[in-house]
Amino acid sequence: MIPAELRDQFRDHPTLGFADWVLRGIGQVVFQNNPVSGAVILGGIFYNSWIYGTVCLLGAIISTATAILFKADKGLVKDGLFGFNGALIAIALVAYTSPHFTTGDPPNGHLWLYIILCAAFSSVLVPAFSALLGPHKVPGLTMPFVLAGWFFLGALLQFSTIDVSNALKPTSPSDFTGPRPEYSWITWFHGVTMGISEIFFQDNWVTGVIILVGIAINTRIGALMALMGSTLAVATAVFYGAHDEAIRDGLFGYNAALTAMALGGLFLVLNLPGLIYTVIGVLVTARVWASLGIFLEPSGMPVLTSAFVFVTWLMLLAKNGFPALIPVAPADATTPEDNLARSRKFQKR
Amino acid sequence: MIPAELRDQFRDHPTLGFADWVLRGIGQVVFQNNPVSGAVILGGIFYNSWIYGTVCLLGAIISTATAILFKADKGLVKDGLFGFNGALIAIALVAYTSPHFTTGDPPNGHLWLYIILCAAFSSVLVPAFSALLGPHKVPGLTMPFVLAGWFFLGALLQFSTIDVSNALKPTSPSDFTGPRPEYSWITWFHGVTMGISEIFFQDNWVTGVIILVGIAINTRIGALMALMGSTLAVATAVFYGAHDEAIRDGLFGYNAALTAMALGGLFLVLNLPGLIYTVIGVLVTARVWASLGIFLEPSGMPVLTSAFVFVTWLMLLAKNGFPALIPVAPADATTPEDNLARSRKFQKR
Amino acid sequence: MIPAELRDQFRDHPTLGFADWVLRGIGQVVFQNNPVSGAVILGGIFYNSWIYGTVCLLGAIISTATAILFKADKGLVKDGLFGFNGALIAIALVAYTSPHFTTGDPPNGHLWLYIILCAAFSSVLVPAFSALLGPHKVPGLTMPFVLAGWFFLGALLQFSTIDVSNALKPTSPSDFTGPRPEYSWITWFHGVTMGISEIFFQDNWVTGVIILVGIAINTRIGALMALMGSTLAVATAVFYGAHDEAIRDGLFGYNAALTAMALGGLFLVLNLPGLIYTVIGVLVTARVWASLGIFLEPSGMPVLTSAFVFVTWLMLLAKNGFPALIPVAPADATTPEDNLARSRKFQKR
């Protein structure tokens, strides 16, 4: 792990501070308030595609700058809590308008302006969801990205200057019936690793591994949880016989990996009931991803990270009803390791 | 009516207590915190189908046990407030995956595990909605069932090991145009009685009558309200010329019957403005069932009890804006008769 | 401007008071608590169609009377805060069931009863949304109209006694691809003026101008904002190449005009950051209208004013997170001019 002094050396720097906050913003997509984690993850995205790397960085810059423009709380800005939605929204808008999803195509001028407005709007949504959920000590998660994404992706169908990829074409859902597909080791290996990289829309298992390393730099438990979430999601999809291609593309895993990280140690202390609760959350998230896909298919819209957001919100809203769980307020949630240590210290007294 | 000592004799029993709570859970689907009501209703379901009876019982057991596992408030558990969503979810998952909707088909192993996870998740949702609505003194109603149902039924379309019935196949809504259907006494008789039994997905008018008896054991006014709700819904559907088959299957009535019970004396004291308010709620619910059916048809998902939940939530949220209404907090809402007596006593002082 | 004594001379009148509140209700659709504004706007609607004028008036009467029946707060009733949703819902139900959208057709008896129930229900929704949003100092806006509209319009497809117009027929969304349409001055002129009249479902640019005059009677800034919102929405639709017909029908503008009025001086003081924030809101609203159209197309339902409501709610919920903005509580929000004057006075002290 990186010592705190090293990790935070540029946090309050007059000129380099902004770069630090933007990198933390990229890290915060996977809950890591650490510029080194953000830099490693950004490197992983660049490894797959310089286009996605560039727009990810610019998205984080725009949304962070918007927050500063309207004088948002400096502590939140410095923790990267305005950057992560912009980073995701910029990648999403390029991914769903590019003929080549895997590496993306360079945006035209119309799309650039579109990305800027959408990333700025995602920053407005951050305090909106804080206002709604703050009193419950539940974080807004990536809902600003999801909502801005649905609002701006849906509108694209009505504009002739930006075309959308086939992934966004509305269709009527069909029932996937037997026989159960034949799965191979590729199903498992790609399913699990791309379940991590798909969080950032990257179809590249190496990127998935790099992102895991980026997380592990800041928290080993967090990286383990991400891996566990993606693996369990693949396992349940294989058990119930889902489309092989959907599993291999990491589509079952990316929401589940995020739920695992959020519930498994970060916003709930990782005791035994907390672990069982996290496993339930992961298994449910894999279904909810599948279900929301059906609900959204007639309008063509993608699920994004909404399955993770809805399940995690609901399970965190329920926390005070179950005294077997030990909740951690969003403002105090640093890493699973820290939360565990503080909780033990507190119990000893 | 059953005396309170008799009704509550097993509530705190060390070994029989659990059975008492599970039966109350079945009764709570129609707001009856009474194990005898629950037993009679369960009998009514067994009368129609031993399969539905069995899964209903198991669903209530699983969701009640989940609440105990995470150390939920014992008072809520004993009142059956965790069991009712599990009871409904288990029936729903069997009903929408069975080739024969009327009696259901025995679930395979995959579906059993699916039901267990879904019923457990429904228990997690109970305190989640309490957290959101508790400050407004509005109960969560059957929303945990509805949401878990949509999440888990939608996902089934993506798995090959469990097939869904034709009722879940996505279609494009069409406008039902004239001439107005010819209705008969069957429309009315089946419409009203199945409007009660359909609350538990039972296509059987005898079951509907048994459920009414189960309610009347605990509250005469409640049973009258259920009957009134179902009847008014049939009347408005006949007046506006809805599909004869939909009316006869009790589809217009089951949400309206629940709204009538909730607003008519239970969460609002049954004075004259309260009665008018309940009638408005019932008529609106019959429309909202029809409307949500159109909204959900492209994704194939069923309305479940969402029409009742949305209308009742909104009308209870509004209660403090209308001083002509006398609200009853969920924790104090026992039966319409009790609420009325307490309200009169209070006014005399 | 009209002096306050003249404007409020009938507000507390024993017999003419009710007429005053109903006219304010029509004015409140565009945030004007002024019976003269309401009368001018009603005149503008009558200019286009005596049918729409009549149902608008009756809708406002029914919803105002419902609020009085349940003893709602008299201050809110007198400010027209129960009338505006009923006015809109009545026009909407006629517009979407008439073969001729532009002028509407006289409702049959079934539809009249339908309108009465729906307008009454919209009044119930007013305190429901106040309960949810009041603690955040965010107004309910036209959400009661939108929700009642979706509930009651959707249900129409299931009833044979009332037919719906082609505008409500469910379809699958298609992607609008290039070449970019050729726009003319008509696109701009009709787009901007009908962007105002479409708030009341009127396809008539003269009505749009009369409504602007009605607003200007009470607030010049408000009228300017409405014009700015509609113009910016047309500009962004032209820039991104939207359907010429959709722009000319005012469909891009009517939600944006409402967002501009709400954020531009009314619920936020009109300082420079507030103006930038309003422009972001207007541009986002134009996209959200387009996006919600795609989401709703498979069920056939119209967007109504939901794009304005969602964007304005979210941006007002966020206000406390951005100290550059000066919020005005709904109870204190009169006109942009008054808000500005009070804010300056407050800063001087």
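**Figure 1. Contact between chain B and chain A in the predicted model.** The contact (heavy atoms within 4.5 Å) takes 41 residues from chain B and 43 residues from chain A. The model is predicted: local features need pLDDT of at least 70 and side-chain atom pairs count only at pLDDT 80 or more, whereas totals for chains, interfaces and linings use all residues; side-chain values use heavy atoms, with hydrogens and water left out. Residues are numbered from 1 along each chain as its sequence is written, and chains are lettered from A and ligands numbered from 1 in the order in which they are written. About 3500 Å² is buried between chain B and chain A, 75% of it on carbon and sulfur atoms; buried area is the accessible area (1.4 Å probe) that two parts lose on being put together, summed over both.

Figure 2. Asp175(A) and Lys169(B) form a salt bridge through their side chains, at 3.4 Å from N to O. Eleven residue pairs are in polar contact between chain B and chain A, both residues at pLDDT 80 or more. A polar contact is a pair of N or O atoms within 3.5 Å; within protein, one must be able to donate a hydrogen and the other to accept it, and residues adjacent in sequence count only if both atoms are side-chain atoms. On the side of chain B that touches chain A, α4 (50-69), α7 (109-133) and α8 (143-156) of chain B each supply at least two residues. Helices are DSSP runs (H or I, at least four residues), numbered from the N terminus. With 13 residues, α7(B) gives the most to this side.

**Figure 3. The side of chain A that touches chain C.** Here 41 residues of chain A and 43 residues of chain C take part in the contact. Chain A and chain C bury about 3500 Å² between them. In chain A, the residues losing the most area to chain C are Phe70(A), Gln158(A) and Phe159(A), together 21% of what that side buries. Lys169(A) forms a salt bridge with Asp175(C), the closest N and O atoms being 3.4 Å apart. The side of chain A that touches chain C draws its largest share, 13 residues, from α7(A). Its residues divide into 30 nonpolar, seven polar and four charged, where Ala, Val, Leu, Ile, Met, Phe, Trp, Tyr, Cys and Pro count as nonpolar, Asp, Glu, Lys and Arg as charged, and the others, Gly among them, as polar.

Figure 4. Asn218(C) lies in helix α10 (residues 205-218) of chain C. Asn218(C) is buried, with a relative accessible area of 9%; buried means under 20% relative accessible area (1.4 Å probe, protein chains only). The side chains of Asn218(C) and Gln32(C) make a polar contact at 2.8 Å. Ile2(C) is 216 residues from Asn218(C) in sequence and 7.0 Å from Asn218(C) in space, C-alpha to C-alpha.

Note on methods. A salt bridge is a side-chain nitrogen of Lys or Arg within 4 Å of a carboxyl oxygen of Asp or Glu. Buried means under 20% relative accessible area, exposed over 50%, partly exposed in between (1.4 Å probe, protein chains only).
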